Amino acid sequence: MNPSKDQPLPPPFNAWAVLDVLTTRWLSLLAWTVLFGVAGAGLAFTIWGRSFTSTAQLVHYEPSTIDDTYHPRALVTPSLVVMLQSPGLFADVGAQLQPPESAKELAREVQITLDRNNDVATVTATASSPEKSIDLVNRFSAAAIAYTQAMQRLEASEAGDNVNHQLALVESELATARAAVPPDAAAAVAALANADAEAASKDLAQRIQTARDKLDDLLVRYTDAHPLVREQRAELETLEEAQRRADAANPAGAAHTPTPPAISQAMYGRITPEEIAMGERLRSLESNRAILIARQHAIQPFRDNPPGYFRVLSAATANPTLQYNHRLELVLCACLGAIFGFLASAAVILLSEFLDNRIKTRADVRRVTGLPLLATLGDLRRMTPTARDQQAFRAWTALQSRLRSSPHRGMVCGVTSAHAGDGRSTWVDLFAKAACQSGFRVLAITAQSSPSAAKGPELASRANAKISGTPDEVTLTDGVLAAPARIAEQLAATECPSRINIPMSGWVWDVQGRRQWQSALELWGGIEHVVIFVELPPASATETILLAENIPNLVWVVGGNSSDAAETRVELDNLRLAGCNLVGAVLNRERVAPMQDRYSRWLTTATAALLVAALGAHAPKTFAATADQPAMQAEATATPATFSVVDPAMRASWQRRLTLGPGDVLRFQLYGNPNMTREDVPVDPDGRVSYLEAENVDASGLTVDELRDRVNDALGKYRRTPQVYVTPVSYHSMRYYILGAVMQRGVYSLDRPITIIEAVARAHGFETSVSRGNVVESTDFAHSFLVRGGHKVPVDFEKLFEHGDLSQNIALEPDDYLYFPAAAAGAVYVLGEVRSPGPVAYDADTNVIAAIAGRGGFTELAWKQRVLVVRGSSAQPEAFRVNAYGALEGKGTNFALQPGDVVYVSNRPWARAEELLDRAASAFVESAVITWTSIHVGAGIPEDTVDTTITRGP
């Protein structure tokens with residue numbers, strides 16, 4: 001129960017009210033939040049559930065052939081992966097499943113990814129069980145290999161058919177050519193046709209020996225892992241396989257088969273050109289036939305058992321099956337469902353609260369009744385007797401301040417409400433008890449309705465009035481009002497009862513009875529130090545208005561969570577129309593607002609704490625900068641007074657261990673192999689470098705010696721005892737930044753030790769500007785700074801550049817940031833009544849008079865006493881009035897300007913009047929001169945001269 005003064009009406013809804021409503025209904029909020037959260041999790045489990053993922057790896061396979069007569073079409077791995085994602089393959093695999101699945105469904109379960117670095121395709125399948133995922137991966141892998149095998153078989157079949165056709169044509173031509181050879185020339189033609197057979201055999205053996213010699217030479221320099229060694233071994237194996245095939249085509253007995261006779265010296269003289277031509281023809285056809293047969297033999301394995309383009313590198317059973325419980329999806333859906341449930345239930349609660357027409361809060365009481373809220377009362381059962389007495393006293397104090405009219409006269413106050421049970425008796429008891437504790441004699445009158453009393457009783461019956469009841473509570477009959485002095489006597493006595501009940505009966509409806517009621521109240525209220533509380537019936541009873549008309553003060557009791565707002569307004573309007581003096585309202589059974597009561601007092605404290613934290617956010621940085629100040633100052637002081645770093649002892653820590661980084665350029669040279677030298681090899685952006693077989697060697701953060709050791713280790717896997725020389729060509733990974741008022745701002749490479757002066761010289765110096773015909777520097781050295789490692793380095797740039805103090809010329813380090821802000825430069829703008837309106841270049845001595853003089857001075861219409869200077873942005877301009885005339889006469893100060901100021905010289909407000917007066921005076925003088933001339937000068941001119949002059953034509 002808290003008393004309240006007249007205060008502005010708060011809004012019907014505020015943040016604390018919303019929080020209090022939601023806190024009161026927290027159980028409903030929690031139930032709906034949990035329900036929707038569980039529903040969201042259940043929905044996610046229905047959609048996803050548990051899933052198992054299995055993977056298999058397919059490696060790109062290029063089949064090797066004995067000779068080069070036939071090779072399947074070479075396809076790159078990305079193209080093959082795209083082919084494996086064809087709907088036809090998915091449809092074939094889906095048809096084999098139980099139950100069958102469509103190509104679209106299977107495409108969602110099976111994913112194919114390619115590792116471009118090693119030509120490995122990873123097949124991933126997701127299913128509801130591990131067995132199904134493994135089976136799906138294996139089926140798809142087998143189908144993928146079979147798919148590529150079918151591609152090769154089809155290609156080999158087409159190529160074989162073409163070779164068979166060509167072989168049939170060649171054999172037909174060969175039979176025709178042999179039939180055309182005459183019998184007597186058959187031996188010579190056969191000798192000519194088989195002349196190169198033995199040479200071909202000897203050439204293959206020589207090639208094998210050459211390949212072996214070359215392999216031995218490579219093994220002297222390289223290891224078995226070197227690509228050249230592997231390539232030479234493959235070539236040797238191919239030649240040996242060709243030799244084995246040739247030996248298989250000519251068994252051991254074939255060595256004793258008689259070979260065609262060689263061409264003797266005598267035979268050359270008898271060979272005719274026709275025989276030579278037939279021999280060349282037969283040899284060409286035999287050679288083509290051998291090639292086609294070899295190609296036919298090479299094609300036949302691909303037709304019978306094509307290898308395909310893939311091999312299983314890692315089967316699904318070899319890879320662990322991963323179980324995905326979709327916890328993230330479940331948690332997200334549960335959270336979304338919980339959020340939706342919370343928001344929906346909160347919206348329903350707030351909507352029901354908004355549509356509820358009952359009076360619940362203090363704001364509702366003020367808004368509905370339009371009366372000041374005197375006090376509120378919570379749950380009396382939860383209050384201690386001491387707390388009740390204290391709050392009752394505070395409520396009585398708030399009411400007394402509105403009822404007291406004189407120091408000694410009594411006070412009369414009525415209490416009513418909209419309905420029975422709103423707490424009228426409770427408030428009367430509290431007020432009466434607190435008044436008694438304050439030293440007042442209290443008369444509490446309860447006006448009760450008497451159902452047995454007949455409406456309009458005779459007045460004569462009142463003469464027999466009597467008092468009955470207990471010592472603390474008595475009941476008055478109707479006749480008591482006819483003799484109110486008896487009650488006054490009892491009020492003056494010490495044994496006066498604390499509560500008197502007056503039953504309502506027919507006298508309420510009688511005018512004389514109401515007059516007696518009014519007279520009694522006036523008599524009792526005139527007793528000193530007496531407080532009379534009248535508990536009236538509910539305002540819905542008509543008798544209440546008749547009783548309240550005679551009560552000087554009336555308090556309205558609002559039942560929390562029970563009084564209807566519309567009905568309360570109607571009853572209060574009836575009381576106001578009856579002329580009742582409503583002094584205030586009290587709220588009974590106020591709903592507890594835990595959020596506002598507990599935490600609203602902390603809101604100001606929290607806001608202040610946040611503000612202090614925001615303002616003090618830079619304190620740690622300042623402390624850190626202060627802590628680092630001595631070390632940086634010592635380093636800056638230790639720097640010798642010189643223009644550049646020339647002494648090795650002056651080197652910084654980063655120079656003592658110079659490391660490499662992205663952008664640095666190196667030179668690599670292999671000892672004993674000058675042709676292996678690589679010039680201008682850059683370090684990649686990821687910090688790696690490659691040289692010969694040593695690929696992707698991490699060079700970032702290493703010194704040159706450390707990088708050389710790493711490259712030697714990497715090359716040692718392929719070469720015998722390599723010795724690499726690494727020489728830096730240029731450094732670009734170390735940088736510093738210079739911005740501001742310099743000629744060339746940007747990022748510069750720290751390729752050598754450099755000082756601040758050298759850095760400014762490399763940036764082509766500072767910017768300059770022209771002010772009033774003079775070239776001036778536009779750099780603000782006072783606010784220039786050097787940032788290193790997130791902290792400012794204590795460097796006095798004014799001493800360095802303006803006084804030549806080279807002790808401030810410290811050496812730069814990687815990632816240093818130099819900034820030279822521009823000096824306060826700009827222009828001021830002079831407008832209005834000046835000779836030449838426009839901008840004026842600004843310098844430190846620019847003032848109003850100088851700016852106006854720079855634009856030609858004032859015009860004749862200028863108002864020199866009121867020159868306006870506008871400063872600041874257009875959103876928040878600031879205006880100054882300057883008396884330039886007084887400054888010119890030495891009676892006032894000259895106003896100093898700032899860059900961007902606008903100086904406006906207005907014309908004099910009476911300038912138009914001066915112009916009109918000047919014109920009027922000029923016209924008057926002109927008319928006076930003309931009149932005087934016509935009178936005095938015109939009389940002396942002869943008349944005939946005037947006529948002649950007038951009539952003379954042009």
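This report describes selected helices, helix contacts and individual residues in a predicted model.

Helix H14 comprises 19 residues, 385-403. The buried residues of H14 are Gln391, Ala392, Ala395, Trp396, Ala398, Leu399, Gln400 and Leu403.

These buried residues pack against both strands and a helix. The strands are S6 (373-376), S7 (411-417), S12 (530-535), S13 (554-559) and S14 (582-588). The helix is H15 (424-437).

## The contact of H14 with H15

H14 and H15 pack at an angle of about 85°, with their axes 8 Å apart. That angle makes H14 roughly perpendicular to H15. The residues of this contact divide into 10 nonpolar, one polar and two charged.

On the H14 side, the contact is formed by Asp389, Ala392, Phe393, Ala395, Trp396 and Leu399. Their partners in H15 are Trp427, Leu430, Phe431, Lys433, Ala434, Ala435 and Gln437. Among the H14 residues in this contact, Ala392, Ala395, Trp396 and Leu399 also belong to the buried set of the helix.

## The contact of H13 with H19

Helix H13 (residues 362-369) packs against helix H19 (residues 565-577) at an angle of about 45°, and the two axes are 9 Å apart. This makes H13 oblique to H19. The crossing of the two helices is right-handed. By class, the contact of H13 with H19 has three nonpolar, two polar and three charged residues.

H13 contributes Arg367, Val368 and Thr369 to the contact. From H19, the residues that meet them are Ala565, Thr568, Arg569, Leu572 and Arg576.

## Backbone features in loops

The peptide bond from Gln98 to Pro99 is cis, with omega near 0°. Pro99 is located in the loop between helix H4 (87-96) and helix H5 (103-109).

Asn561 has a phi near 65°, a positive value in a residue other than glycine. Asn561 is placed in the loop between S13 and H19. With a relative accessible area of 30%, Asn561 is partly exposed. Asp815 likewise has a positive phi, of about 70°, although it is not a glycine. The loop that holds Asp815 runs between helix H25 (797-802) and strand S26 (817-820). Asp815 counts as exposed because its relative accessibility is 51%, and the cut-off for exposed is over 50%.

Thr703 lies in the loop between strand S18 (694-698) and helix H23 (704-715). Its relative accessibility is 15%, so Thr703 counts as buried, a class that requires a value under 20%. Leaving aside its neighbours within four places in sequence, Thr703 is in contact with Arg657, Leu658, Thr659 and Leu660.

Asn907, by contrast, belongs to a strand, S31 (residues 902-907). At 39% relative accessibility, Asn907 counts as partly exposed. Not counting residues up to four places away in sequence, Asn907 touches Glu833, Leu861 and Trp863. Asn907 and Phe858 are separated by 49 residues in sequence, and their C-alpha atoms are 10.0 Å apart in space.

Conventions
Residues numbered from 1 in each chain as written. Predicted model: local features only at pLDDT ≥ 70, side-chain atom pairs only at ≥ 80, totals over all residues. Heavy atoms only, no water. Helix = DSSP H or I, 4+ residues; strand = E, 2+ residues; numbered from the N terminus. Buried < 20%, exposed > 50% of the residue type's maximum accessible area, 1.4 Å probe, protein only. Contact = heavy atoms within 4.5 Å. Expected span 1.5 Å × (residues − 1). Axes fitted to C-alpha atoms, helices over the stretch in contact; angles between N-to-C directions. Parallel < 35°, antiparallel > 145°, perpendicular 65-115°, else oblique. Left-handed = near helix turned anticlockwise from the far one by under 90°. Nonpolar A, V, L, I, M, F, W, Y, C, P; charged D, E, K, R; others polar.
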